[in-house]
Amino acid sequence: MILHLTDPHFGTDRPEVVQGLLALAGQRRPRLIAVSGDITQRARSGQFSAAHRFLNQLCAASGVDPRAGMLVIPGNHDLPLFNLPVRLADPYGPYARWFGSQLEPTVAGDGVCLLGVNATRPWRHKHGELSSAQIARVADRLGRCDANALKVIVTHQPLFAVEADDLNDLVRGHCVARRRWAEAGADLLLAGHTHQSFVAPLPAPLSGTWVVQTGTAVSRRTRDRVPNSVHLIRYRDMPAGQRACVERWDWDGATAFQPTAETVIPAR
């Protein structure tokens with residue numbers, strides 16, 4: 001099982017929701033954890049420290065080795081915004097000091113291939129971008145994954161939206177990327193950024209690939225009608241005809257995360 005969380009925005013985190021997510025991880029014990037950016041609110045050292053401590057606690061609660069079973073990528077909030085000298089000279093330095101210099105990590109094994117893709121750009125405040133070289137490189141990485149593995153791509157900014165208000169937040173290059181990656185066999189596209197939560201197939205003819213868009217995990221910066229949320233993705237020992245099953249878990253506003261939806265991902 002994969003736990004997908006995104007946009008915790010440490011610095012705006014809600015302590016009771018943090019504890020609720022740790023409790024959920026201890027209850028469900030995911031094998032892998034994918035964190036798709038915006039770990040901090042303003043890329044400050046204290047915020048990175050708090051986020052790092054939380055993710056280590058999350059791994060301990062789950063029984064996950066953070067070095068082998070957790071994939072983390074930066075979001076646009078993880079680059080300094082107001083510290084212009086650092087943004088210009090070493091934009092990923094603060095992030096790298098806590099989470100390493102590998103901005104496009106891979107976690108493979110146990111029947112899954114998780115591919116992180118860095119769509120942030122220091123010269124952009126908010127919007128993401130994918131270069132043609134990145135798109136080709138990820139397609140090649142997909143081709144080298146185990147043929148039977150669940151192939152999952154993790155970006156911060158999304159490649160697909162279901163609401164008109166979110167279309168402007170799609171990563172630059174999304175049309176080419178989702179076509180190339182779907183053709184290369186991607187099963188799931190995980191993202192954050194919009195604080196929206198849904199699971200949906202890409203439109204035909206790419207409908208064998210599904211989008212898992214997840215809301216903010218623990219931040220008070222929630223969206224109207226979208227509470228703090230995470231997704232749990234089951235992919236082992238699935239019934240015939242099923243590739244995976246995505247469970248949505250929402251904060252109940254009081255004490256715990258509760259299951260609110262379940263989406264079956266059909267086999268190709």
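This is a short chat about how to read the predicted model shown above.

Visitor: What should I know before I start?

Guide: It's a predicted model, where local features need pLDDT of at least 70, side-chain atom pairs count only at pLDDT 80 or more, and totals for chains, interfaces and linings use all residues. Residues are numbered from 1 along each chain as its sequence is written, and side-chain values use heavy atoms, with hydrogens and water left out.

Visitor: How many helices and strands does the chain have?

Guide: Both are DSSP runs numbered from the N terminus: helices are H or I with at least four residues, strands are E with at least two. Here you get six helices and 12 strands. The radius of gyration, taken over C-alpha atoms, is judged against a globule rule of 2.2 Å times the number of residues to the power 0.38. This chain comes out at 17 Å, close to the 18 Å the rule gives for 268 residues, so it is as compact as a globular protein of that length.

Visitor: What share of the residues is buried?

Guide: Buried means under 20% relative accessible area, exposed means over 50%, and partly exposed is in between (1.4 Å probe, protein chains only). In this chain, buried residues make up 56% of the 268.

Visitor: Which residues have the most contacts inside the largest nonpolar core?

Guide: A nonpolar core is a set of buried Ala, Val, Leu, Ile, Met, Phe, Trp, Tyr and Cys residues joined through side-chain atoms within 4.5 Å. The largest one here has 35 residues, and Leu21, Ile33, Leu58 and Val230 have the most contacts inside it. Among the elements that each supply at least two of its residues are helix 1 (15–28), helix 2 (45–62) and strand 10 (229–234). Another core, of 25 residues, lies apart from it, with Ala139 and Leu142 among its members.

Visitor: What does Leu58 touch?

Guide: Contact means heavy atoms within 4.5 Å. Setting aside neighbours within four places in sequence, Leu58 is in contact with Leu3, Leu5, Leu21, Leu22, Ala25 and Ile33.

Visitor: How many aromatic pairs are there?

Guide: Rings of Phe, Tyr and Trp (its six-membered ring) pair if their centres lie within 6.5 Å; planes under 30 degrees apart are stacked, over 60 edge-to-face, and the rest tilted. A search of the whole structure finds five pairs. Phe10 and Phe54 make a tilted one, 5.4 Å centre to centre with 40° between the planes. Phe10 sits in the loop between strand 1 and helix 1 and Phe54 in helix 2, so the pair ties together parts 44 residues apart in sequence.
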